[in-house]
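Here is a short report on nonpolar packing and charge pairing. The sequence and structure come first.

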Amino acid sequence: MSVEVEVVQGDITRIAVDAIVNAANEGLRGGGGVDGAIHRAGGPAIMAECRALGGCATGDAKATTAGDLPARHVIHAVGPVWHGGDRGEDDLLASAYRRSVEVAVQLDCSSISFPAISTGIYGFPIERAAPIALSTALAAAGAAGGDRLLVFVLFSAGDLEVYRAAL
Ligand code: AR6
C-alpha cells in the first residue's frame, strides 16, 4: 500500500485520472474559475447530476459523472470563502480535501487530481492553503489504505512553486 504525490502545472480538465476534484460553490450551480472550465469541458451531463444533489455544504464534497472529461467522476468540493483566517477557514479547507479523498475512495478511485481549492475567486492565500491541501489529502489517503496517486494541478508557474516549496 502506498500513496504517491505529484505536483504539476496545467489545466486540470486535461489530466486523465479516476476522479477530478472541482472547486465548487454550495449551490453546485457552476461558476467561473476551475468550476467553469470543468463544466465547459465535461458537458451538460455534469450539471444535470449536480441539480439533483441539492447543494453541498462548505467543507464537504459530492460526486457526479465526469461527462466528456478523461475521468470517471468529478468530485465537487466546496472550500471556504477567505474572511481573514479567523473564521475557521483552515479547518474548512482541510475538510474539503479530506471529504474529497473519502468520496473518491468510496468510488474505488486510485488516482485523484486536485485544484488549489479556495485560492482563486474565494481568496484563500495559496501559501497558507498549500500545506493544508498536501498534508490533509495525504493523511486521508493514507488512512484509507490501498495504492493511491494524488495529482495536485496548479494553473500558474507561481502556484506550482508554492506547492513545491510546501512539499
Ligand atoms: N485547471 C487547474 N486549475 C485551475 C483551472 C484549470 N482549468 N482554472 C482555474 N484554476 P477558483 P475557488 C485555478 O476561483 O477559489 C467558482 O465560480 C485557479 O488559478 O476556480 O475555490 C465556483 O463556482 C486557482 O488557483 O476556485 C465558486 O463559486 C484555483 O484553480 C468559486 O469560484 C481555484 O480557483 C470557488 O472559488
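## Salt bridges within helices

Glu102 is partly exposed, at 32% relative accessibility. Buried means under 20% relative accessible area, exposed over 50%, partly exposed in between (1.4 Å probe, protein chains only). This is a predicted model: local features need pLDDT of at least 70, side-chain atom pairs count only at pLDDT 80 or more, and totals for chains, interfaces and linings use all residues. Residues are numbered from 1 along each chain as its sequence is written, and side-chain values use heavy atoms, without hydrogens or water.

Glu102 forms a salt bridge with Arg99 (2.7 Å, N to O). The term means a side-chain nitrogen of Lys or Arg within 4 Å of a carboxyl oxygen of Asp or Glu. Both residues sit in helix α3, three residues apart, so about one helical turn separates them. Helices (H or I, at least four residues) and strands (E, at least two) are DSSP runs, numbered from the N terminus. Asp60 joins Arg99 and Glu102 in a salt-bridge network.

The structure holds six salt bridges. One of them joins Asp18 and Arg72 (3.9 Å, N to O). These partners lie 54 residues apart, in the β1–β2 loop and the β3–β4 loop. Asp18 is buried at 17%; Arg72 is partly exposed at 41%.

## Nonpolar cores

A nonpolar core is a set of buried Ala, Val, Leu, Ile, Met, Phe, Trp, Tyr and Cys residues joined through side-chain atoms within 4.5 Å. The largest has 34 residues. Tyr163 is among those with the most contacts inside it. Helix α4 gives the most to this core: nine residues. A second, separate core of 17 residues includes Ile20 and Met47.
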